[in-house]
Structures are given as structure tokens and as C-alpha cells.
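Please look over the structure below. The briefing starts with the chain as a whole and then turns to one of its strands.

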Amino acid sequence: MPTPSLAELPIRRLTLRDLTACADLSENRGWPREEHKWSFLLTAGRGYGIDDPQGGLVAACVVTEYGPQGRPALAAIGMVLVAEQHARQGIGRRLMRHVISSMGITPLTLHATPYGRPLYEELGFKVTGQAEMLLGHFTAGGPESRVATRAATAEDLPTILRLDEEVFGADRTHIITRLPAFADQLCVAEEDGRLIGYAAAWPNMHTHVVGPLIARDTETAQALITTLAAHTDRPLRTDIDVRHTELLAWAKERGLASVVFNSVMTYGITELPGDGSRRFAPVTVAAG
């Protein structure tokens, strides 16, 4: 039988059974395998993929919805990958058009690399912000923080959920409730018994990724990062909204170096919901 053309290959939903194939696809494009992150995204969101008749995946992506089930207020698209041998043949465009169509009127967001940005602009996405990826071994220093931090407990979860929805602008219960199992650390910041921020550090290959990072102000964000860094020997990675210039400068002074700038893009809305002044870093750029 003749091999079907790429344009004829069906797009299907991915499940955890596709975890190895997704990791293989990442590796094919020179990305880390990131199986821990893929597992999280495939269970918290919806994966889409195109099977390669020769085995593995031609392409894949993940969509994470936020807000009421069945009528999401926002959806994030991430992990958009096309196998090297099938690149530049319109596969990524076809997959993205399928996802956009399947989401109907739901507003969309994504973090675009410089390489991927032209495709997303062609599809109607607009640049509404920017995030700077930092990576390195954190070195503590400076005066002791006045912000009290501690490890989060199960009793903190309802308060964390309320704070997160207020800052993010949509309900992320299905993401936040997975953090205790997904992350190695989850901590909160308090003032007079009131929660003013929280952050997680989750393992990704040889690093710990700091995200989400929600904080009342820069001082609170600094205290949360310092607390997380004190309990790991791994390099820290985080993707900080470039509007938080003070936090970026502070992190660089303590050993984290700039790696890349990614464009925050939206489709169907002119800006992200919520309070950007308290939203410092996403869970992962793949999930917003």
C-alpha cells in the first residue's frame, strides 16, 4: 500500500500511552526529553498528535484549559513540535489550525520562541508580552528578607486556589491541585497570617523550575525564590515576565543568567486576564 501523504494523516488525541513518543519527539528536535513535564501536561490538558506511519509522532502539541469545564475562559497552547524530517512542510500550521478550530471562541495564549513566532503571527496571534528565561545556580546574599515563608500544607490549598484565581484571572484548580505531587517543593509567603504569595519548584531534567510564582510584590517574590533555592543543589530555571525588571536584576545578581526571550502571544483577546503585577512566572511556558 502507498504511504499516505502528510496532509492525509489524521490528527488524534494523545494520552499517557504516548508519553515515550512525545519524549522521543522532543529529543528529535534537540529538546530535553522532559518526561515529567510531558506527563503533567498530558494529564492536566489535552494532547494532539499526528502519527508517523514509520513509527513515533510526526507532530504534537498540548492544550491546557482554564476556567469552568465546558466553557473555558482561556486555553494555553504549548509543546508544539514537528519532527525534524517533516519540518517546513506545513505540518505545524495544520496542527495549530486544528487546535484553534477545536477551541471555538475560547481565547488562546502561548509562549513563542523566535523561531515559532512568524507562524503564530500568520495564524492571527498577537504579541502582548515577553518572558525572559533565566538559568543558573542561585547564590544567596544581601539583607535577610522581612517576608515570612514556609512550606505549604494541605490546609493552605483552598487559600492558594483563591489567590491564584484572583491573580491569574481564571480557575486553575486542576493545575494547582496537582502541584504537591508534581513539584518537589511548594511554599507560601505570609503576612499577619494572610497568604501574600506562593511558589513551587519542580524537577525538570537536571534543573528545578521555579513556577508558578505568584507574589504580592518583588520583595515577596525574592523571598519565595530564596526559600526554594535553599532546599536544592540543582540549577534553578524560571521564566519571568520582563515587566518585573527589579526581580530580573536581582536574580541575575545571584547567579541566574539570561538564556532566551520568548514572546507571550494571545488570540481572541488583547491581553491576558488577571493581575500581571503579581504574576511573576508561569507553572511552565507550555501551560501559561
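Accessible areas come from the Shrake-Rupley method with a 1.4 Å probe, and for residues only the protein chains shown count as cover. By this method the chain has an accessible surface of about 13,200 Å², with 52% of it belonging to carbon and sulfur atoms. This is a predicted model, in which local features need pLDDT of at least 70 and side-chain atom pairs count only at pLDDT 80 or more, while totals for chains, interfaces and linings use all residues. Residues are numbered from 1 along each chain as its sequence is written, and side-chain values use heavy atoms, with hydrogens and water left out.

**Whole chain**

- The chain has 9 helices and 13 strands; helices (H or I, at least four residues) and strands (E, at least two) are DSSP runs, numbered from the N terminus.
- Along the principal axes, the C-alpha atoms fill a box of roughly 70 × 35 × 35 Å.
- Of the 288 residues, 52% are buried, meaning under 20% relative accessible area with a 1.4 Å probe, protein chains only.

- Strand β8 (residues 185-191) has 5 of its 7 residues buried, so it is largely enclosed by the rest of the structure.
- Two strands pair if DSSP finds at least two bridges between them.
- Strand β7 (residues 148-151) pairs with β8 in the antiparallel sense over 4 bridges, and Ala 148 has Glu 190 in β8 as its bridge partner.
- Strand β9 (residues 194-204) runs antiparallel to β8 and is joined to it by 7 bridges; Leu 186 has Ala 200 in β9 as its bridge partner.
- β8 and β9 form a hairpin with 2 residues between them, and Asp 192 in the turn has a positive phi of about 50°.

Note on methods. Buried < 20%, exposed > 50% of the residue type's maximum accessible area, 1.4 Å probe, protein only.
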